[in-house]
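Dear colleague,

Please find the structure below, followed by notes on what was found in it.

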Amino acid sequence: MKVVLASGNAGKIRELQHRLGSRFELFSQNDLGVIPPPEDGLSFVENAIIKARAASQQTGLPAIADDSGLSVDALNGAPGIYSARFSGDQATDEKNNELLLEKLANVGETERTARFQCALVFMRSASDPVPVICQGTWEGHILYEPQGTNGFGYDPLFFAFEQGCASAQLPPEVKNQVSHRGKAINLLIECLSSANQNAG
């Protein structure tokens, strides 16, 4: 089955292709000329649906979209759905990480708790009334300085409790299994496998 990945983020696309490439013939929305819609939802789930619906509408293909971000307790859940553009319209990973450290400059270690959140949506068509929605969470805290060179986004500053290191210190194949997105993808694979078995 041909499926469009409704994302322009190269890091996310790599993760999704690595995990789902054996199940679908995956195409990046960039390769298909999809014009990204305004992400004006108020939650990760809403934004993922908006992106998947737009990609499906413009290509006629089923679509998978992910909306994810970092939620920091000391910042009342920010940056949240604004994680990618935390530092403004010209945001980069480096600028976002610098701003995060700046905002947490006077916050002690025990108050730096945070989690990555992911909402992953699979829509069979733009008018799919029951999209498959899977969510994953990854608990940790924010470091005082970047560690590791893998990953992207806030990975160098996110210390994962279960793994005992920064996300950016994990090999990609490990991160792809244990991260918020990895957990959401695992759920999606379970849902799709279950649906196929029931259909059979």
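Is Cys118 buried or exposed? Cys118 is buried, with a relative accessible area of 2%, where buried means under 20% relative accessible area, exposed over 50% and partly exposed in between, for a 1.4 Å probe and protein chains only.

This is a predicted model, in which local features need pLDDT of at least 70 and side-chain atom pairs count only at pLDDT 80 or more, while totals for chains, interfaces and linings use all residues. Residues are numbered from 1 along each chain as its sequence is written, and side-chain values use heavy atoms, with hydrogens and water left out.

With a disulfide taken as a pair of cysteine sulfur atoms within 2.5 Å, the count comes to 0. The sulfur of Cys118 has its closest cysteine sulfur in Cys134, at 9.1 Å, which is too far for a bond; for Cys165, which is buried at 15% relative accessibility, the closest is that of Cys118, at 19 Å, again too far.

The whole structure holds 4 aromatic pairs, that is, rings of Phe, Tyr and Trp (its six-membered ring) with centres within 6.5 Å, called stacked when the planes are under 30 degrees apart, edge-to-face when over 60 and tilted otherwise. One of them is the tilted pair of Phe116 and Phe158, with centres 4.5 Å apart and planes at 50°. Phe158 is buried at 0% relative accessibility, and the rings of Trp138 and Phe158, with centres 5.3 Å apart and planes at 50°, are likewise tilted.

Best regards
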